[in-house]
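Let's take a friendly walk through this structure together, one region at a time.

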Amino acid sequence: MEIFGPVQSRRFGISLGINHLPPKVCSYACVYCQLGRTNRLSIEAAAYADPEQIYQAVNERLKELPQTPDYLTFVSNGEPCLDNQLGSAIQALKKLGIKIAVITNASMLWQSEIRERLSCADAVSLKVDSVQEAAWRKINRPHGRLDLEVVMAGMRVFALTYHGKLMTETMLVPGINTSPAHLRACAQFIAELQPEMAYLALPLRAPAESWVEAPDQQAAGKAYEIFVREFARTSLMADLPPTGLTSTQDALQELVSTLKVHPMEEGEIRAYLRQNELADNTLESLLALKRIRSIPYREKTFYSAAVNQD
Ligand code: SF4
């Protein structure tokens, strides 16, 4: 379990990340996943992190920060709902008086206990990349026991009963989910959920599969136009925002913890090293020690500390 950041998040402002899963346990194996391939494809929830330990770790980290984050965000090495103690962890963290967000792939909301686990979070982001069976299988590569109709039904029930800030995220992958018919169907389903905001994202960080490409500006703009016609509260996240990583005590450890779930581009890492008076060749040293790895993508070089990028 690791606490990382805070980083600047478009959805959650200043966000302190909680990564409470071992790499990489997920019910999906998305082709664009920035954590690399899923090596533990699972829909069985298990006890991964002790809620009290999460609380203690977050509490300690908060004491080091110059500013209270806007959100404590569960953004894991996989699917956070696979931790059967997620609900207790959220309840424990509530004592800190900071809003709590969970980013989930929403694939298991058909289970009442998973909906219950999420119900006390202040904000929940659901993944909705596709509502068409073939495209869903191609883009999310779900666990074999998942059924799209059931997954969508679970989201509908959750959206009806959840009282916090609901949002959705749709990753656009050309050739899979960007045809007008596909986008329209996806947006119509999202309109049923009535989230506060539907975000359209592009695979701008190095993906699990090297053939994944981001749509160009024009295609992304077209996708946005189709979406917004069906659901007005749509926002296109067209560029890579600065990570905005701030360090407190152990700048190097904070960088590596962040890179486990949030790959960063070379220029950004070098700027962070300079800001924190770390030697410029720290990057090369981390590479030589195999604590991080480099991933070229879209004429940039990203670095990740995820263990399963192959
Ligand atoms: S993007 Fe999220 S849901 Fe998809 S494989 Fe990665 S961790 Fe799992």
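## A parallel pair of strands

Strand β8 (residues 165–171) and strand β9 run parallel to each other, joined by five bridges. Within that pairing, Thr170 has Leu200 of β9 as its bridge partner. Please keep in mind that this is a predicted model.

## The protein as a whole

Stepping back, the secondary structure comprises ten helices and 13 strands. The radius of gyration is 19 Å, close to the 19 Å that the globule rule gives for 310 residues, so the protein is as compact as a globular protein of that length. Among contacts with a separation of 6 or more, 76% are between residues 24 or more positions apart.

In soluble globular proteins, nonpolar side chains tend to be buried together. Here the largest nonpolar core has 70 residues, and Tyr32 and Val173 are those with the most contacts inside it. Helix α6 (residues 180–193) gives the most to this core, contributing five residues.

Which residues does Val173 contact, once neighbours within four places in sequence are left aside? They are Val31, Tyr32, Ile139, Pro203 and Val212. There is also a second, separate core of 15 residues, which includes Ile269, Tyr272, Ile292 and Tyr303.

## Phe74 and its surroundings

Phe74 sits in strand β5 (residues 71–74). Is this residue buried or exposed? Phe74 has 26 C-beta neighbours inside 10 Å, so it counts as buried.

Not counting residues up to four places away in sequence, Phe74 touches Ile18, His20, Pro80, Leu86, Val102 and Ile103. Take Ile18 from that list: it is 56 residues from Phe74 in sequence, yet the C-alpha atoms of the two are 4.8 Å apart in space.

## Around the ligand

Now turn to the ligand. Its surroundings consist of Cys26, Tyr28, Ala29, Cys30, Cys33, Leu35, Thr38, Gly78, Glu79 and Asn105. Sorted by class, this shell holds six nonpolar residues, three polar ones and one charged one.

## Helix α8 and what covers it

Helix α8 spans residues 251–261, and its buried residues are Glu254, Leu255, Thr258, Leu259, Lys260 and Val261. An α-helix has 3.6 residues a turn, so residues three or four places apart point the same way.

What lies over the buried residues of α8? The cover includes the strands β1 (2–9), β2 (13–19), β11 and β13, together with helix α9 (266–275).

## A three-stranded open sheet

Strands β11, β13 and β12 form an open sheet in the order β11-β13-β12, with antiparallel pairing. β11 (264–265) and β12 (293–297) are at the edges with a single partner strand each, so one side of each is left without a neighbour in the sheet.

How many bridges join β12 to β13? Five bridges link β12 to β13 (residues 300–304), and the two strands run antiparallel. Within this part of the sheet, Ile295 stands opposite Phe302 in β13.

## Backbone details worth a look

Most residues other than glycine have a negative phi, and most peptide bonds are trans.

The peptide bond from Gly5 to Pro6 is cis, with omega near 10°; Pro6 belongs to strand β1. Lys290, not a glycine, has a positive phi of about 60°, and it is placed in the loop between α10 (282–288) and β12. Lys290 counts as exposed because it has 9 C-beta neighbours inside 10 Å. Arg298 likewise has a positive phi, near 50°, and lies in the loop between β12 and β13. With 15 other C-beta atoms within 10 Å, Arg298 is partly exposed.

Methods:
Residues numbered from 1 in each chain as written. Predicted model: local features only at pLDDT ≥ 70, side-chain atom pairs only at ≥ 80, totals over all residues. Pairing = 2+ DSSP bridges. Helix = DSSP H or I, 4+ residues; strand = E, 2+ residues; numbered from the N terminus. Near = placed C-beta within 6 Å. Nonpolar A, V, L, I, M, F, W, Y, C, P; charged D, E, K, R; others polar. Core = buried A, V, L, I, M, F, W, Y, C linked by C-beta atoms within 7 Å. Buried ≥ 20, exposed ≤ 12 C-beta atoms within 10 Å, placed from the backbone. Contact = placed C-beta atoms within 7 Å. Rg over C-alpha atoms; globule rule 2.2 N^0.38 Å.
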